[in-house]
Amino acid sequence: PACFFDGADSMIQIKRLKRKLCPERIDDISSDRLIQFDEELMVTEWEATRSKMGVKSARSYFYLKEGFSITEKFDKEGKFMYWYCDVLDIEHNEAENKVVFTDLILDLVVFPDGQMTVLDLSELADGMERGEINVKMTAKALRNLDRLVLIVHRGQFPPPQMKKSPG
């Protein structure tokens with residue numbers, strides 16, 4: 001069943017964890033403001049605790065069936081900067097009221113002019129060689145990244161489920 005959240009205290013809180021593979025660690029991201037959650041999309045907003053590349057705040061769209069997230073990054077004045085896309089493996093455990101986003105290392109940055117940059121290909125290869133990521137997860141990462149790149153190339157970026165993007 002679809003569940004929509006507006007971030008109000010009266011709404012049920014779902015545990016959200018982001019798992020990194022190389023090196024292995026789990027971050028609890030449940031404190032990010034939950035805007036929407038249904039079987040296809042989770043939307044969160046958060047403030048940067050340490051500013052990377054001038055980022056002050058962000059809105060993340062987790063495509064639960066597609067295996068990626070798209071995050072709109074904003075500077076300290078609230079001006080849109082770029083989209084940062086994480087390639088993910090997503091597990092939703094309804095019994096435990098928990099979603100685990102496993103970062104499959106590869107990332108895609110898309111700029112307002114449509115240019116894009118793929119990040120961390122060598123990190124994925126290194127993790128595979130060290131046995132930190134298996135062949136199945138590597139294949140999933142590459143397929144999910146390919147899906148994202150095709151969305152950009154076809155002019156379908158950002159996807160229609162996102163609010164009207166500032167870029």
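Trainee: Before we start, what are the ground rules here?
Mentor: This is a predicted model, where local features need pLDDT of at least 70, side-chain atom pairs count only at pLDDT 80 or more, and totals for chains, interfaces and linings use all residues. Residues are numbered from 1 along each chain as its sequence is written, and side-chain values use heavy atoms, with hydrogens and water left out.

Trainee: What is the mean pLDDT of the protein?
Mentor: The mean is 88, and 88% of the residues reach 70 or more. pLDDT is the predictor's confidence in each residue, from 0 to 100. Over residues 1–10 it is below 50, and this stretch has 21 contacts in the model beyond near neighbours in sequence. A contact means heavy atoms within 4.5 Å.

Trainee: OK, the layout. How many helices and strands?
Mentor: Two helices and nine strands. From the N terminus on, the order is β-β-β-β-β-β-β-β-β-α-α. Helices (H or I, at least four residues) and strands (E, at least two) are DSSP runs, numbered from the N terminus.

Trainee: And how much of the protein is buried?
Mentor: Buried residues make up 44% of the 167 residues. Buried means under 20% relative accessible area, exposed over 50%, and partly exposed in between (1.4 Å probe, protein chains only).

Trainee: Give me a buried one. Where is Met42 found?
Mentor: Met42 is in strand S4, residues 41–47. Its relative accessible area is 0%, so it counts as buried. Leaving aside neighbours within four places in sequence, Met42 is in contact with several residues, among them Ile14, Leu34, Phe62, Leu64 and Phe101. Met42 and Leu64 are 22 residues apart in sequence and 7.2 Å apart in space, C-alpha to C-alpha.

Trainee: And Ser57, which strand is that in?
Mentor: Strand S5, residues 57–63. Ser57 counts as buried because its relative accessibility is 17%. Not counting residues up to four places away in sequence, Ser57 touches Trp46, Glu47, Ala48, Glu72, Lys73 and Phe74.

Trainee: Switching to rings. How many aromatic pairs does the structure hold?
Mentor: Six. Rings of Phe, Tyr and Trp (its six-membered ring) pair if their centres lie within 6.5 Å; planes under 30 degrees apart count as stacked, over 60 as edge-to-face and the rest as tilted. Tyr63 and Phe68 form a tilted pair, 5.3 Å centre to centre with 40° between the planes. Tyr63 is buried at 4%, and Phe68 is buried at 1%.

Trainee: What kind of pair do Trp83 and Phe157 form?
Mentor: An edge-to-face pair, at 5.1 Å centre to centre and 90° between the planes. The pair links distant parts of the chain: Trp83 is in strand S7 (residues 80–93), Phe157 is in the segment after helix H2 (135–153), and they are 74 residues apart. Both Trp83 and Phe157 are buried. Ring pairs also link Phe74, Phe80, Trp83 and Phe157 into a cluster.

Trainee: Now the helices. Where is Arg147, and how accessible is it?
Mentor: Arg147 is in helix H2. Its relative accessibility is 31%, so it counts as partly exposed. Leaving aside neighbours within four places in sequence, Arg147 is in contact with Glu66 and Phe68.

Trainee: I see some cysteines. How many disulfides?
Mentor: Zero, when a disulfide is a pair of cysteine sulfur atoms within 2.5 Å. Cys22 is buried at 14% relative accessibility, and Cys85 is buried at 0%.

Trainee: Is Ile105 buried or exposed?
Mentor: Buried, with a relative accessible area of 5%.
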